Amino acid sequence: MKGVQFLVAFVLLALASKLVSASDPSPLQDFCVAINETKDGVFVNGKFCKDPKFATAEDFFLPGLNIPGNTSNQVGSMVTPANVQQIPGLNTLGISLVRIDYAPYGGLNPPHTHPRATEILVVVEGTLSVGFVTSNTDNRLFTKVLYPGDVFVFPEGMIHFQFNIGSTNAVAFAALSSQNPGVITIANAVFGSDPAINPDVLAKAFQLDQNIHTFRACTSIMMKRLQLFIAAFVILAFSSLLASASDPSPLQDFCVAINDTKNGVFVNGKFCKDAKLANAEDFFYSGLSIPRNTSNPVGSTVTPVNVAQIPGLNTLGISLVRIDYAPYGGLNPPHTHPRATEILVVLEGTLYVGFVTSNSDNRLITKVLNPGDVFVFPIGLIHFQFNIGNTKAVAFAGLSSQNPGVITIANAVFGSDPPINPDVLTKAFQLDNNIVTYLQSKFWWDNN
């Protein structure tokens, strides 16, 4: 018991030490692959880091998110994480991913919070009733029924849930704005703590009959299960980095962006709706189940769900995209996100993906991905995805900014307006001037 008490105290100390910071520290290198072996490692941001020269594609890769999780448990759901514990290359990059499976007729991801992350969730199969509750004193419930392709946002720290109201299995993917978001399941934490919270405290807090023996019985039942939870949570708390990614930390539950400045509050470059007037629609987007048209020169279409589509994402540090690729060579061409790391999961097809490290190594780190595989593209690095299969491909990706930005390399270099001086490009790319002129005319017309 003393050991468990120490663990609880250690959790609180670890969390307290982390909560003084509002965001993940900005990495000073392309990536920092976490390692347990400290020999030849570099200590950065709470983790020992592998020498970047020894990093490989495996450090940014995780297979298996196409495998259904076992939902034969009390709550009828299973969360399969893809965070820094599973993908060491996520260290310092401020984002992670989960797959959530729900049993038919009431599979529940019970009320919980993520102390270090906003969550953006997309439904792939089934019908979910979801919601979150704002903080005191309003305690407003924002709730919505979601169908395949629908997206919903749960702001950082808010109590939220998902409940399968359909007669079939449900599946969702969610991105979270931390490499290690943490989870606090409300019922387990309150009624299953070890040592148990004084029953008098719980009886008064929940205004229940003071049957102390009943409370003790409830806490005893959950104590063993919580010991495992606490042990895992200690590890999470110790290795965690607070994550609202590179976006500012919000000072309220949310800040819904509005164009009309009347009665608005100016925060982080956006005017915000009066919180009392916010509703579930501000955190909702529909349509990500619809295949996109890939009959364009590159054979791909990116469908964004960022602050422009979901105003409730304002200040919350995360967004989502769906990417469709045509068969036989559909390409999401080399590009960068200046404000976000990307974590991508393949739903259909076979993709050849990669990113290039910064000067002077310029190493190409590549991997072939199949359905259920996950890959990470660190913030600011040039990366791409290429469909090498004979069928269409589909992927979802979370990005660690409400508005990550995108710079498509060919378009930016050869299609800028006004154009870059051709002499500059001729020398930079060591091309004939006629080729540069041709490329500039082509990409300028494509962009305009």
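This is a predicted model: local features need pLDDT of at least 70, side-chain atom pairs count only at pLDDT 80 or more; totals for chains, interfaces and linings use all residues.

Me: What volume does the second largest pocket have?

Reply: About 700 Å³.

Me: How do the residues of its lining divide into nonpolar, polar and charged?

Reply: There are 16 nonpolar residues, 12 polar ones and three charged ones in the lining of the second largest pocket.

Me: Okay, on to Ser295. Where does it lie?

Reply: Ser295 is in the loop that runs between strand 18 (284–285) and strand 19 (300–305).

Me: Is Ser295 buried or exposed, and why?

Reply: Ser295 counts as exposed because its relative accessible area is 62%, and the cut-off for exposed is over 50%.

Me: What does its side chain join up with?

Reply: The side chain of Ser295 makes a polar contact of 2.5 Å with the side chain of Asn293. As for Tyr325, Ser295 is 30 residues away from it in sequence, and the two are 9.5 Å apart in space, C-alpha to C-alpha.

Me: Strand 18 came up there. In what order do the strands of its sheet go?

Reply: The order is 5-6-13-8-11-18, six strands in an open sheet with antiparallel pairing. Strand 5 (77–82) and strand 18 are the edge strands, each pairing on one side only.

Me: How many bridges join strand 6 to strand 13?

Reply: Seven, between residues 96–102 of strand 6 and residues 170–176 of strand 13, and the two run antiparallel. Ile100 stands opposite Ala172 in strand 13.

Me: Last one: Ile365. Which strand does it lie in?

Reply: Ile365 is in strand 24, residues 364–369.

Me: Buried or exposed, and why?

Reply: Ile365 is buried, since its relative accessibility is 3% and the cut-off for buried is under 20%.

Me: So what is Ile365 in contact with, leaving aside neighbours within four places in sequence?

Reply: Its contacts are Phe31, Thr56, Ala57, Phe60, Val353, Gly354, Phe355, Thr357 and Phe375, with those neighbours left aside. Taking Phe355 from that list, Ile365 and Phe355 are 10 residues apart in sequence and 5.5 Å apart in space, C-alpha to C-alpha.

Me: Great, thanks!

Definitions and conventions. Residues are numbered from 1 along each chain as its sequence is written. Side-chain values use heavy atoms; hydrogens and water are left out. Helices (H or I, at least four residues) and strands (E, at least two) are DSSP runs, numbered from the N terminus. Buried means under 20% relative accessible area, exposed over 50%, partly exposed in between (1.4 Å probe, protein chains only). A polar contact is a pair of N or O atoms within 3.5 Å; within protein, one must be able to donate a hydrogen and the other to accept it, and residues adjacent in sequence count only if both atoms are side-chain atoms. Two strands pair if DSSP finds at least two bridges between them. On a 1 Å grid over the protein atoms alone, a cavity is a set of points where a 1.4 Å probe fits but cannot get out, and a pocket is an open set with protein on both sides within 12 Å along at least five of seven lines; lining residues have an atom within 4 Å of a point. Grid points are joined across faces, edges and corners, and a volume is the space filled by probe spheres set on the points. Ala, Val, Leu, Ile, Met, Phe, Trp, Tyr, Cys and Pro count as nonpolar, Asp, Glu, Lys and Arg as charged, and the others, Gly among them, as polar. Contact means heavy atoms within 4.5 Å.
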